[in-house]
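Biologist: Could you take me through the features of this model one at a time, with the general idea before the particular case?

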Amino acid sequence: MEAFKTPRKLTVPYRTHVRDLISRLPDAINGGLAIFNWFACIAGSLFVDKLGRRPLWLLSTGSMLVAYAIITALAAAFTHTPDKAIGAAFIAVLFLYYGSYSIAWTPLPYLYSAEILPFSIRAKAMAYFCLITNTVLTISVYVNPIILEAIGWKFYGFFVACLAVYLLLVWLLFVETRGRTIEQVSALFEDTRRSASHSEDKRSETEISGAQPN
């Protein structure tokens with residue numbers, strides 16, 4: 001998800017179409033976006049225990065998906081019809097997107113990862129998490145502008161697809177940890193594994209019984 005964090009990545013692809021518009025964007029917009037993200041992150045952090053982790057993940061990711069789909073449509077429209085109104089709408093939805101990101105994807109990754117990881121692998125897993133996150137971010141900083149320069153707004157479709165997959169994964173795999181201790185969360189995963197193992201054993205017994213001659 002780190003590839004979505006830098007606003008410049010969303011504006012660079014329009015160099016050939018909206019270079020003049022971007023060059024006229026006041027610094028106040030970038031500063032306002034940073035301040036807005038800060039407030040959204042604080043709000044998300046305050047509601048972690050009120051709403052729960054899973055609802056916050058779903059709200060954030062679902063809102064990001066909708067906002068990014070709109071951003072993609074606005075990008076396509078601006079490419080064909082350079083209009084200041086479209087550019088202004090793009091900036092407004094950009095705020096919506098980053099606000100949606102900041103309420104969950106800024107405060108929760110470290111908190112949630114630490115809660116669901118078993119103690120025996122927590123330190124190593126968090127180290128891998130940080131390594132992979134920063135590696136992907138570094139690569140995206142250099143690679144994304146090249147691809148965006150080549151194919152323009154169409155590259156946004158890739159991120160829309162990624163967000164759709166993220167939303168599906170959150171819905172299917174993310175458990176609620178609010179109100180549970182780390183030991184209780186660990187037991188929750190153990191119960192899931194035991195249930196899966198029990199189902200596998202029952203299936204194996206059924207297959208063996210069916211294979212035995214009468």
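**Reading the helices and their contacts**

Modeller: Helices H4 and H5 are roughly antiparallel to each other, and that is a reasonable place to begin, provided we keep in mind that this is a predicted model.

Biologist: At what angle do the axes of H4 and H5 cross, and how near do they come?

Modeller: The axes of helix H4, residues 53–80, and helix H5, residues 84–104, come within 8 Å and cross at roughly 160 degrees. Angles over 145 degrees count as roughly antiparallel, and the pair is therefore described as roughly antiparallel. The crossing of H4 past H5 is left-handed, and the contact of H4 with H5, sorted by class, has 21 nonpolar residues, 4 polar residues and no charged ones.

Biologist: How do the axes of H4 and H8 cross?

Modeller: Helix H8, which spans residues 156–173, has an axis that comes within 9 Å of that of H4, with a crossing angle of roughly 165 degrees. H4 and H8 are therefore roughly antiparallel to each other, and H4 passes H8 in a left-handed crossing. Within helix H8 lies alanine 164, which counts as partly exposed at 35% relative accessibility. The C-alpha atoms of alanine 164 and valine 66 are separated by 9.5 Å, although these two residues are 98 residues apart along the chain.

Biologist: Which elements make up the protein as a whole, counted as helices and strands?

Modeller: The secondary structure comes to 9 helices and 0 strands, so that, read from the N terminus on, the elements run α-α-α-α-α-α-α-α-α. Of the 214 residues of the protein, 35% count as buried.

Biologist: Turning to charged side chains, how many salt bridges does the structure hold?

Modeller: The general idea is that side chains of opposite charge can pair when their charged atoms come close. The structure holds 2 salt bridges. In one of them, arginine 53 pairs with aspartate 49, and the closest N and O atoms are 2.7 Å apart. Arginine 53 also forms a salt bridge with glutamate 115, where the closest N and O atoms are 2.6 Å apart. Through shared partners, the salt bridges join Asp49, Arg53 and Glu115 into one network.

Biologist: Is aspartate 49 buried or exposed, and how does one read glutamate 115 and arginine 53?

Modeller: The reading rests on relative accessible area, where under 20% means buried and over 50% means exposed. Aspartate 49, at 54% relative accessibility, counts as exposed. Arginine 53, by contrast, counts as buried at 6% relative accessibility, and glutamate 115 is buried as well, with a relative accessible area of 13%.

Biologist: How many disulfides does a search of the whole structure find?

Modeller: A disulfide is, in general, a covalent bond between the sulfur atoms of two cysteines. A search of the whole structure finds 0 disulfides.

Conventions: Residues are numbered from 1 along each chain as its sequence is written. This is a predicted model: local features need pLDDT of at least 70, side-chain atom pairs count only at pLDDT 80 or more; totals for chains, interfaces and linings use all residues. Side-chain values use heavy atoms; hydrogens and water are left out. Axes are lines fitted to C-alpha atoms, for helices over the stretch in contact, and angles run from 0 to 180 degrees between N-to-C directions. Helices (H or I, at least four residues) and strands (E, at least two) are DSSP runs, numbered from the N terminus. Angles under 35 degrees count as roughly parallel, over 145 as roughly antiparallel, 65 to 115 as roughly perpendicular and the rest as oblique. A crossing is left-handed if the near helix is turned anticlockwise from the far one by less than a right angle, and right-handed if clockwise. Ala, Val, Leu, Ile, Met, Phe, Trp, Tyr, Cys and Pro count as nonpolar, Asp, Glu, Lys and Arg as charged, and the others, Gly among them, as polar. A salt bridge is a side-chain nitrogen of Lys or Arg within 4 Å of a carboxyl oxygen of Asp or Glu. Buried means under 20% relative accessible area, exposed over 50%, partly exposed in between (1.4 Å probe, protein chains only). A disulfide is a pair of cysteine sulfur atoms within 2.5 Å.
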